[in-house]
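Today I opened my notebook to look up charged side-chain pairs. Here is the entry I started from.

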Amino acid sequence: MTLQIRLGKQERAIDTRRKVLIGALVLHRLEHDRDLQFAGGIAAWLRRELPKFLTRDGDRDLFDDLLKPQPHGPSLGSADNGSAAS
């Protein structure tokens with residue numbers, strides 16, 4: 001039973017790490033990609049999908065700056081937003 005618990009924890013840790021890395025990649029591409037059509041497409045998709053995905057007010061608050069339409073380009077957030085991408 002202990003081995004099974006340990007494997008479950010390891011699988012959750014791997015799942016969490018994958019989610020963090022995918023999120024970091026998306027944020028990095030939005031902030032630094034010169035392909036404005038690509039970045040703009042991701043930005044529009046996130047603005048459309050995130051509000052449906054986020055169910056808690058606290059979670060929505062975390063993405064408030066990202067969900068506001070950006071008048072000067074597709075970028076969501078700024079380079080100093082604390083994202084894991086470097």
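My notes on the salt bridges follow.

I am working with a predicted model, where local features need pLDDT of at least 70, side-chain atom pairs count only at pLDDT 80 or more, and totals for chains, interfaces and linings use all residues. Residues are numbered from 1 along each chain as its sequence is written, and side-chain values use heavy atoms, with hydrogens and water left out.

**Count.** I took a salt bridge to be a side-chain nitrogen of Lys or Arg within 4 Å of a carboxyl oxygen of Asp or Glu. With this rule I get six salt bridges.

**Helix α1.** I found Asp15 and Lys19 joined by a salt bridge, 2.9 Å from N to O. Both sit in helix α1 (residues 2–32), four residues apart, about one turn of the helix. For helices I used DSSP runs (H or I, at least four residues), numbered from the N terminus. Asp15 is partly exposed at 33% relative accessible area, while Lys19 is exposed at 55%. My cut-offs, with a 1.4 Å probe and protein chains only, are over 50% for exposed, under 20% for buried, and partly exposed in between.

Which residues are linked with Glu49 in a network of salt bridges? I noted Arg48 and Lys52. Between Glu49 and Lys52 the closest N and O atoms are 3.4 Å apart. These two are three residues apart in helix α2 (residues 36–53), so about one helical turn separates them. Glu49 is partly exposed at 27%, and Lys52 is exposed at 58%.

Arg60 pairs with Asp57 in a salt bridge, with 3.0 Å between the closest N and O atoms.
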